[in-house]
Amino acid sequence: MTSATMAIEVSGLEKSYAGLFGAPQVALRGVELSVPRATAFGLIGQNGAGKTTFLKTLLGVVRPSKGRVRVLDGDPEEPAVRRRIGYLPERLHLPAALAGVAFLASVARLKGLRLPPRALRESAHRVGLSSDADRVIGTYSKGMKQRLALAAALLGEPDLLVLDEPTDGVDPLGRADIRGILAEERARGATIFLNSHLLSETERICDRIGVLARGKLVREGPLGELVGEADAYRCRFVLPAPAAALVTLGFDASDEAGTFRLRAGTPEELNFRLDAARGAGALLVDLRRDARDLEEVLAAAMQAAS
Amino acid sequence: MRVTLAVARDLLREALQRRWILALGVAISAVVLVLGMALRMEVVDGALAATRLFGHVVRHDIRSAEGAMNPVFQAVAYVIFYGGIGFGILACSDFGAELFSPGRIEHLLSLPIRRWQLLLGTYIGVFTLSTVGSLYGAGAFTILLSVKSGVWTLRPIVAALLASATFSAIYGAMLASALFVRSAAVAAAVGGALFVLGIVAGYRDDLAPLFNAGPSRVIFLFVTSLLPRVSQIANAAADLASSHAVDLPHLGRSLFGLEAFGLGCLAVGMWQFERKDF
């Protein structure tokens with residue numbers, strides 16, 4: 001892929017912080033990553049893996065010690081590039097004395113956007129703050145502040161959204177709202193770069209995943225590839241299942257009694273195999289895709305990294 | 001420049017929402033209003049015949065209105081100078097710490113702003129705030145006293161501008177300190193220390209003989225030579241307000257040194273800001 005089709009290109013990225021006494025603390029070690037445009041990329045990893053540092057290097061807030069970072073085909077410190085980025089930081093500290101809509105107006109001004117008051121109110125409405133837009137931020141709950149910061153990140157329809165724990169402190173319904181908004185942004189063509197501890201959230205939003213461990217990107221790829229094969233299924237039959245017959249038909253027995261794994265490239269093949277199993281006397285009670293969840297992917301990646 | 005001014009404007013908007021700043025505005029307005037109603041001056045042919053405050057006669061002797069008002073303008077200039085700077089140090093100490101606080105600075109730096117624009121915008125915002133505050137205080141008292149006494153002068157307002165210029169230099173150091181330690185208390189301590197040391201530095205020639213001739217005096221003179229001469233400028237502001245003679249070349253040198261100190265501190269702040277990761 002050419003650089004024009006990439007939203008983020010990182011090569012040989014290293015970041016170390018000078019220690020006051022003793023050896024410098026290394027946060028990132030030779031990270032290589034390319035994120036295509038219009039994708040939703042999720043970065044996962046344990047606490048202290050370097051996720052937030054990595055995010056900040058994408059914004060020019062943290063300067064790399066070594067390596068190269070290109071965002072939207074430019075230097076992330078260039079105002080013209082930053083104008084096309086929306087960022088939601090992890091640790092939010094919004095000016096408590098300002099009203100929500102005044103904060104949005106301030107961000108719009110600093111982004112060089114000329115938005116009428118109605119557009120700002122629509123932004124607040126989009127994140128569910130329409131009735132609280134005129135209240136001062138000091139009176140907001142954590143979830144409301146999070147929503148307001150998301151509205152600020154979305155101002156000006158950015159090409160890249162960098163979101164650090166966007167649903168932190170948001171109630172379950174609010175999380176669903178935010179997922180909906182992010183889906184709309186993706187449909188518009190925006191690239192989403194997400195860092196979240198909520199792996200189920202990441203799994204629902206992202207189609208590409210990267211696993212960062214001790215400052216290294218140890219796994220990276222499409223979600224389907226990481227969590228399991230797209231053509232692998234897990235079937236559970238009523239006990240006692242005719243195991244020998246099922247194995248002959250291409251089913252692989254698993255550790256769990258009555259449960260078998262099956263690979264089928266097409267729906268036709270899947271149904272053909274299941275019909276054959278039923279013909280052999282097996283009664284199907286559960287069928288699901290044989291996929292790991294991100295927690296397992298993370299655990300396996302961490303194990304491999306260590 | 002547009003972005004820098006937008007940062008300054010946001011700071012002013014935020015400042016106007018703060019209780020401390022609002023309280024100062026309300027307090028000045030209340031004092032002026034009460035004085036306006038309680039103070040009566042009888043001026044006949046340019047002479048102040050009688051002054052009454054809350055109905056009580058304050059002065060018995062008859063003297064020229066201008067001569068009578070000069071000490072009053074001098075006192076107002078001192079109050080605005082020292083009171084204004086002291087209040088400014090306390091009220092503005094957390095602007096830097098707030099701006100550079102985790103969660104806010106990352107957000108600001110992710111916007112299309114250069115770091116120097118953010119710092120300069122903050123400095124301009126605080127300078128504007130202190131200038132508007134001192135002009136409001138000095139202007140209100142000057143108009144009130146001028147209306148009552150018939151002595152019209154702009155000198156107390158010029159004196160207030162000197163106070164604002166002095167505060168801006170001190171604030172340059174406070175803002176720079178916030179980039180090294182993100183703490184309002186440290187910024188206030190730096191401001192307070194500079195304020196006091198600046199008063200001492202203004203009297204360095206008088207105080208130097210108190211030190212034994214030798215290294216201690218040399219060190220005192222060297223350290224105070226680097227500091228803004230706050231008390232010298234305060235005295236010049238008071239003299240200006242009370243129509244006393246002012247050594248303008250000396251005041252010019254003091255102001256030059258003051259602004260060099262403030263801009264130097266700001267330059268150190270910018271250097272630290274440019275190299276710092278957040």
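## A walk from a loop to the core

Ala38(A) sits in the loop between strand E2 (25-36) and strand E3 (40-45) of chain A; helices (H or I, at least four residues) and strands (E, at least two) are DSSP runs, numbered from the N terminus. This is a predicted model, in which local features need pLDDT of at least 70 and side-chain atom pairs count only at pLDDT 80 or more, while totals for chains, interfaces and linings use all residues. Residues are numbered from 1 along each chain as its sequence is written, and chains are lettered from A and ligands numbered from 1 in the order in which they are written.

Let us stay with the backbone for a moment. Ala38(A) is not a glycine, yet its phi is positive, near 65 degrees. It has 16 C-beta neighbours inside 10 Å and therefore counts as partly exposed (buried means 20 or more other C-beta atoms within 10 Å of the residue's own, exposed 12 or fewer, and partly exposed in between, with C-beta atoms placed from the backbone). In chain B, Ser243(B) also has a positive phi, of about 60 degrees. Its place is the loop between helix H10 (230-241) and helix H11 (248-275) of chain B. Back in chain A, the peptide bond between Leu239(A) and Pro240(A) is cis, with omega about -5 degrees, and Pro240(A) lies in the loop between strand E10 (232-237) and helix H9 (243-248).

Next, a pair of helices. The axes of H6 (residues 155-180) and H7 (residues 184-202) of chain B come within 8 Å and cross at roughly 150 degrees; axes are lines fitted to C-alpha atoms, for helices over the stretch in contact, and angles run from 0 to 180 degrees between N-to-C directions. H6(B) and H7(B) are therefore roughly antiparallel, a term for angles over 145 degrees. Residues in the contact include Ile170(B) and Met174(B) of H6(B) and Val190(B) and Leu194(B) of H7(B), where contact means C-beta atoms, placed from the backbone, within 7 Å.

Finally, the nonpolar cores, which are sets of buried Ala, Val, Leu, Ile, Met, Phe, Trp, Tyr and Cys residues joined through C-beta atoms within 7 Å. The largest has 148 residues, and among those touching the most other members are Leu104(A), Phe193(A) and Ala237(B). H6(B) gives the most to this core, with 16 residues. Leaving out residues up to four places away in sequence, Ala237(B) touches Ala77(B), Phe81(B), Ala159(B), Leu162(B) and Ala163(B). A second, separate core of 9 residues includes Phe251(A) and Leu262(A).

Notes: Parallel < 35°, antiparallel > 145°, perpendicular 65-115°, else oblique. Contact = placed C-beta atoms within 7 Å.
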